[in-house]
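Subject: A structure for you to explore

Hi there,

Here is the structure I promised to pass on to you. Have a look around it first, and then read my notes below with the model open beside you.

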Amino acid sequence: MKKFLSVFLAALLVTTSPAALAASFEIEALVKPTYEEVSSFSDGWAAVKQNGKWGYINESGDMVIQPKYDWAGPFGEGVAVVGLLATETYGAGTDYESTADYYELYLLSENGSAKQLMSDPFGEGATPMQYYVDGIEGGSIESDGYEWFCQNGVINVNGTPFDANGNEIKVNGTLDDQYIEFYTMTGPCVGGVIPMYGDSAVEGGGQAFFMDKNGKITRKFPRYSESNITVVYAPEQDRIVAAKGRYDEEGNWIGGWGAMDMNGNWAVQPVYDGFRYMMRGQFFCDGLMVVNDASGKYGAIDRNGKVVIPLQYEFMSSFSEGMCAVKQNGTFYYIDVTGKKYSIGALSGGAASRVDAASLMSGGISPVYIAANGQAYCVQNVPKNGVLPAVTGTENLAREVYFPEYDAGSDNLGRLTTLGDIIAVKENGKWGFSKLTFHLDLPDENAMDSWAYDEVCKAIEAGLVPNELQNQYRSNITRGDFALLLTEVACTITEKDIETLVRDTTGKELDALVKALPFTDTNSAAVVAANALGILNGYGDGKFGPYDTISRQDAATMLLRAATAIKADALEGWGDKIAAANVQFADGAAFSAYAKEAIQVMAALDVMKGTGNNQFSPKETYTRQQSFMTVYRLMTQILDQAA
């Protein structure tokens, strides 16, 4: 199925001033509102309800799976969990006869075939997986929870792990507690690691552990009786988020959440009452994890437990694109990773005096809601004098499109809609879908260093920088974000979408490459595409390191690879320029062998320059603003050669 990487095809040679590009919003109807309920698009398909039954449509609105299910989960990696309603009778023929409704669960494939999910964890005979109706609200499961969603080849079906073929992943190994009665999957599979807990009826029993996708136990944590550890999550950025606690003599729970390092030592003491994380198992978003204490106050900590944002807010979303929605004194606003406050812009201009709901930033945009006038609309992640400006026109979408579970006066906003290319819309009580296109304002000069501003704006105007990267300009760019940036550049210059570019270059479909899970720590389409095009490589052990920073010499290497992926004979065409420049840096002895040619080429073309005193500083990190400048310079070099 098709996954879109947003491509804004603009004029490639920009001559206008930085102030010329202004925010705009376009909406294009894709699927006429005819459905009773819908889910968000996931993996290119969305669940839709028609005549009381659920089926699936693709992004063109075609019904690819006919409506026949009573419950439909999100597609992920080519499969989805669905359910058929059944009734169970207890005490038939007695005064205590009663019934209960439940769903028989099946794994649905893209071709429409469905396999009933059967569980037999202890080898005593497989029984059908069931889920009682009271446990599911609304009849469908949204795609923002790790349960019911296939990730890294594993699906958590109400605590039982299944592979993408619908087979239960049974525990292969022995825990230290011999009285284990059942196993529970406690979080999403990340990096090939499935977090589990084996529970015991014996007082003080139970044990947390990790297993791989074959069920082999790969790591055991101390038994509950020895450690009071009750839940662990798969490692993320070298941290294992875990819960530690016990019941006191009066039955009160004493304990909290923290994070261990890879050696099992507490890097973040388990003192927090709760935390937030993204559905794919990322806890430290933008380097910070949002936590709350027992009083319900929210703040944020770094990987070592340092409190970066004081626990003072009534509500906080996760950080996303450098911003976090917070609520204080009854109103919402945004803060950045330093805690700096940004007001929410009103549609009439200026800052809104009170905002009742705000969501995650996604693609440079976030929905907000003002109950006083019943207006829901979007603001952009491009601050203007401390205010995130409203995007005119977005108020024409209903509040429930942006905040489907909003409860007036509640701090808990329920499931939030993050804006992607396609969003559900409601008209006359029926649901359909539209395609959204946002073009953001250019940033203020103080958002970055003055020497970077002109070229960064030119890169944005040329359509080289995705909306979601137009922030945190002075921050170091990550490998995952650099992959997105370089694939965007390749698409813009070649005027092909990423699926076509990968197909034309490799002869393979991007969807198939993504589903093959080439990396254990990410299934990002941008990363997989960049790897397929030969732009970025993994570390050689199945890992890519999407949140790792990159060095200057790595940036030069990736830029050269991107150039040859875009234009195979680029290096040959630059031969005279490279020879004439005869670049020699004083710290050349510090260059890694793999990067020497790339550094010389990028320097000869003035794509990457030195850091002063004839130094290149190959091991220093690389910032976003530097990345945007250099991809713009690379584009002009490629276009000059083609002219």
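Before we start on the sheets, one term: two strands pair if DSSP finds at least two bridges between them. Please also keep in mind that this is a predicted model.

**A sheet of five strands**

With that term in hand, look at β27 and strand β28, which spans residues 323-328: they pair in the antiparallel sense over 2 bridges. Across from Phe315 you will find Lys327 in β28. These two strands belong to an open sheet of 5 strands, ordered β27-β28-β29-β30-β34, and its pairing is mixed. Which strands stand at the edges of this sheet? They are β27 (315-316) and β34 (387-388); each has a single partner strand, so one side of each is left without a neighbour in the sheet.

While you are in β28, stop at Gln328, which lies in that strand. Its side chain makes a polar contact with the side chain of Tyr333, at 2.6 Å. If you leave aside the neighbours within four places in sequence, Gln328 is in contact with Gln312, Tyr313, Glu314 and Tyr333.

**A sheet of three strands**

Next, find the open sheet of 3 strands with the order β31-β32-β33, where the pairing is antiparallel. Strand β32 (residues 365-370) pairs with β33 in the antiparallel sense over 6 bridges.

**A hairpin**

Strand β21 (residues 253-260) and strand β22 (residues 266-272) also pair in the antiparallel sense, over 3 bridges. Trp257 stands opposite Tyr272 in β22. The hairpin of β21 and β22 has 5 residues between the strands, and in this hairpin Gly264 takes a positive phi near 90°.

**Two pairs of helices**

Now for the helices. Two packed helices are described by the angle between their axes and the distance between the axes.

Start with helix α4 (residues 479-494) and helix α7 (residues 525-532), which pack at an angle of about 65° with their axes 8 Å apart. Angles of 65 to 115 degrees count as roughly perpendicular, and α4 and α7 are therefore roughly perpendicular to each other. Their crossing is left-handed. Which residues make the contact? From α4 come Gly480, Ala483, Leu484 and Thr487, and from α7 come Ala526, Val527, Ala529 and Ala530. By class, the residues in this contact of α4 with α7 are 6 nonpolar, 2 polar and no charged.

The other pair is helix α8 (residues 552-566) and helix α11 (residues 596-604), packed at an angle of about 75° with their axes 8 Å apart. That angle makes α8 roughly perpendicular to α11. On the α8 side, Gln553, Ala556, Thr557, Leu559 and Leu560 meet Glu597, Ala598, Ile599, Val601 and Met602 in α11. The contact of α8 with α11 has 7 nonpolar, 2 polar and 1 charged residues.

Enjoy exploring, and write back whenever you like!

Best wishes

Terms used
Residues numbered from 1 in each chain as written. Predicted model: local features only at pLDDT ≥ 70, side-chain atom pairs only at ≥ 80, totals over all residues. Heavy atoms only, no water. Helix = DSSP H or I, 4+ residues; strand = E, 2+ residues; numbered from the N terminus. Axes fitted to C-alpha atoms, helices over the stretch in contact; angles between N-to-C directions. Parallel < 35°, antiparallel > 145°, perpendicular 65-115°, else oblique. Left-handed = near helix turned anticlockwise from the far one by under 90°. Contact = heavy atoms within 4.5 Å. Nonpolar A, V, L, I, M, F, W, Y, C, P; charged D, E, K, R; others polar. Polar contact = N/O pair within 3.5 Å; in protein donor to acceptor, adjacent residues only side chain to side chain.
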